[in-house]
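Have the viewer open and follow along.

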Amino acid sequence: MLLEIFHYAVVLHHWFVAYYSIIVLDVAGAELQYLKDVRRFPIFYLTTWNFAGQVLFFSICALQDAFGHSWTARNRNLIKKLQDFFFTSLVFPGTMLVWTAFWGLYLVDRELVLPQSADEVTPQWLNHSLHSVIFVAVLLEMMFTRKRLFGHLVSMATLGFFCIAYDTAFMCINYIYGAALYPLFYLVNSWMQKLLILFGFNVCVMGYYILGAKFIFIREKQV
């Protein structure tokens, strides 16, 4: 019952954040370059991709909690397998990367990720919803539900494809429109340096997948 309440709470929170970000938040008159990029290319931020993944995952969890009893055993098992694959391959490592990269750079110099002048337009609670609550949600999901691992090759290939897709989208926006999206990349002029930074993030997200897989393996071994 507590797990169901947790899933419902996360879904309500995430959908409200999505509604606020898409419908209510108005950055049309902003002069800050960061906010101009947010207005023009909202779907090209890794935070957006990761948050959309969480919305999809937890919505399926909530639907399964609410209506799963009426599904056939075969369908329940199939949905559970897809959930576990999606969570372990993309949701967990992606969330860990967004959380550590954002707050790591924020602690070094917040101007690299979220300029202080942006606070006049974007509320602090929205920042925490997109970069802090997501971490708490996946951490609780990982701790209090049992996940099944799939083949590492398939999972890492899926995550690798995700990384390539995002890197390609980011570089295309940067090349075609001259929008670096993140303040950090406006400080980097060399394409090679940008690719190296992206490669570093890709290595980190792969490391987070391995970390999550190790945690699941150790816990299952102890059960």
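Let's start at Arg110, which is buried because its relative accessibility is 14%, where buried means under 20% relative accessible area, exposed over 50% and partly exposed in between (1.4 Å probe, protein chains only). Its side chain meets that of Asp119 in a salt bridge, 3.0 Å from N to O. The term salt bridge stands for a side-chain nitrogen of Lys or Arg within 4 Å of a carboxyl oxygen of Asp or Glu. Asp119 counts as partly exposed, at 28% relative accessibility.

Before going further, a word on what you're looking at: this is a predicted model, in which local features need pLDDT of at least 70 and side-chain atom pairs count only at pLDDT 80 or more, while totals for chains, interfaces and linings use all residues. Residues are numbered from 1 along each chain as its sequence is written, and side-chain values use heavy atoms, with hydrogens and water left out.

Back to the charges. The structure holds 6 salt bridges. Another one pairs Asp84 with Lys147, and here the closest N and O atoms are 3.9 Å apart. This pair ties together distant parts of the chain, 63 residues apart: Asp84 sits in helix 4 (residues 73-109), and Lys147 in the loop between helix 6 (133-144) and helix 7. Helices here are DSSP runs of H or I with at least four residues, strands are runs of E with at least two, and both are numbered from the N terminus. Are Asp84 and Lys147 buried or exposed? Asp84 is buried, at a relative accessible area of 0%, and Lys147 is buried too, at 4%. Salt bridges that share partners join Lys80, Asp84, Glu141, Lys147 and Arg148 into one network.

Now for a pair with other surroundings. Lys36 and Glu31 meet through their side chains in a salt bridge of 3.9 Å, N to O. Glu31 counts as exposed because its relative accessibility is 64%, and Lys36 is partly exposed, with a relative accessible area of 26%. Leu32 lies in the loop between helix 1 (2-24) and helix 2 (33-40). At 27% relative accessibility, Leu32 counts as partly exposed. What does Leu32 touch, leaving aside its neighbours within four places in sequence? Leu32 is in contact with Pro115, Ser117 and Ala118, a contact being heavy atoms within 4.5 Å.

Asp167 is buried yet has no salt bridge: Lys194, the nearest side chain of opposite charge, is 13 Å away. Side chains of opposite charge can pair when their charged atoms come close. Not counting residues up to four places away in sequence, Asp167 touches Leu198 and Asn202.

Asn174 is in helix 7 as well. A relative accessible area of 6% is why Asn174 counts as buried. With residues up to four places away in sequence set aside, Asn174 touches Ala179, Ala180, Trp191 and Lys194. Its C-alpha atom is separated by 47 Å from that of Gln222, 48 residues away along the chain.

Follow the chain into the loop between helix 7 and helix 8 (183-186) and you reach Leu181. Leu181 has a positive phi of about 65° although it is not a glycine. Leu181 is buried, with a relative accessible area of 1%.

Zoom out now to the whole chain. The protein chain has 9 helices and 0 strands. Its radius of gyration is 18 Å, close to the 17 Å that the globule rule gives for 223 residues, so the chain is as compact as a globular protein of that length. That radius is taken over C-alpha atoms, and the rule is 2.2 Å times the number of residues to the power 0.38. Along its principal axes, the C-alpha trace spans about 55 × 35 × 30 Å. Buried residues make up 44% of the 223 residues. Among contacts between residues at least 6 apart in sequence, 80% join residues at least 24 apart.

How values were computed: Lys, Arg positive; Asp, Glu negative; His and termini not counted.
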